[in-house]
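Please walk me through the fold of this chain.

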Amino acid sequence: MDVPLVVTDFDGTLFEQDMGHVLCDRFAGPAWREINGRLYTGELDLPEAQRQMWGLMEVSLEELVATALEAGRMRRGGDALFRAAADGRCELVVASGGFDFYVQALLGDRVGVLSALYCNHLSVLDNRPTPEFPHSDLRCGRCAICKAQVVARHRGTSGRRVIFCGDGFSDCCVAGACEAPTPEPVPELYVIEGRSLHEHCIEHALPCELLTDFQQVVRALE
Ligand SMILES: [Mg+2]
């Protein structure tokens with residue numbers, strides 16, 4: 001019997017802050033918020049919104065990494081979740097619509113515990129950041145890394161138990177928000193209160209747990 005699969009979002013879920021928002025606030029000027037708003041009206045998909053927002057910046061990669069390390073805080077219980085994965089009590093996958101440079105810097109050695117880490121790539125040339133989206137095999141009509149497809153890839157055909165932790169726009173794909181097949185059954189959802197995924201669950205009458213501490217997820221593995 002396979003151990004449960006835990007797939008977690010990074011920004012605003014595994015880490016308390018949305019690092020994309022933190023860095024845009026610091027380096028992109030106020031115009032990024034209007035672009036972000038056009039994501040929620042459906043006018044832009046996530047990769048195009050990210051291209052436009054990160055295109056507003058003039059900053060070095062070193063400065064971006066330093067700012068992320070200063071601002072980033074892992075959510076309570078996060079280390080217990082990594083211990084559970086290291087002890088073989090679950091398979092842990094991080095699926096992020098954000099960027100490798102801060103996800104890897106903030107996770108550090110913990111990356112070695114993951115069975116997979118999916119995120120986009122940011123290249124910076126002459127202080128001009130450019131988002132790149134290398135996971136073309138996981139793309140959907142909304143996101144460059146569709147989390148429904150990440151769940152499907154790792155769940156396999158065994159019908160194993162899946163827990164998904166998330167908060168935002170791209171996390172709603174695991175619960176039917178995009179054209180990719182919705183994982184069946186829908187994973188057990190742990191959501192951040194008041195964010196897009198929580199609102200989506202309310203709107204579609206999907207059961208979910210409010211996530212404040214990853215010990216909740218570790219306890220659910222027992
Ligand atoms: Mg998020």
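The questions below go from the whole chain to single residues.

This is a predicted model, where local features need pLDDT of at least 70, side-chain atom pairs count only at pLDDT 80 or more, and totals for chains, interfaces and linings use all residues. Residues are numbered from 1 along each chain as its sequence is written.

User: What radius of gyration does the chain have?
Analyst: The radius is taken over C-alpha atoms, and the globule rule is 2.2 Å times the number of residues to the power 0.38. With 222 residues, a compact globule would come out near 17 Å. The chain agrees, at 17 Å.

User: How many helices and strands make up the secondary structure?
Analyst: Helices (H or I, at least four residues) and strands (E, at least two) are DSSP runs, numbered from the N terminus. The count is nine helices and seven strands.

User: Which residue in β4 stands opposite His 121?
Analyst: β3 and β4 run antiparallel, joined by five bridges. Opposite His 121 stands Glu 132.

User: Within what arc do the buried residues of α3 fall?
Analyst: Buried means 20 or more other C-beta atoms within 10 Å of a residue's own; exposed means 12 or fewer, partly exposed in between, with C-beta atoms placed from the backbone. In α3 (residues 46-54), Leu 46, Ala 49, Gln 50, Met 53 and Trp 54 are buried. Using directions from the helix axis to the C-beta atoms, these residues line one face of α3, because they fall within an arc of 115°.

User: Which residues does Phe 164 touch, not counting those up to four places away in sequence?
Analyst: A nonpolar core is a set of buried Ala, Val, Leu, Ile, Met, Phe, Trp, Tyr and Cys residues joined through C-beta atoms within 7 Å. The largest has 66 residues, and Phe 164 is among those with the most contacts inside it. Contact means C-beta atoms, placed from the backbone, within 7 Å. Phe 164 touches Val 7, Val 151, Val 174, Pro 187 and Leu 189.

User: Is Thr 212 buried, partly exposed or exposed?
Analyst: Thr 212 lies in the loop between β7 (209-210) and α9 (215-220). Because Thr 212 has 13 C-beta neighbours inside 10 Å, the residue counts as partly exposed.

Notes. Contact = placed C-beta atoms within 7 Å. Pairing = 2+ DSSP bridges.
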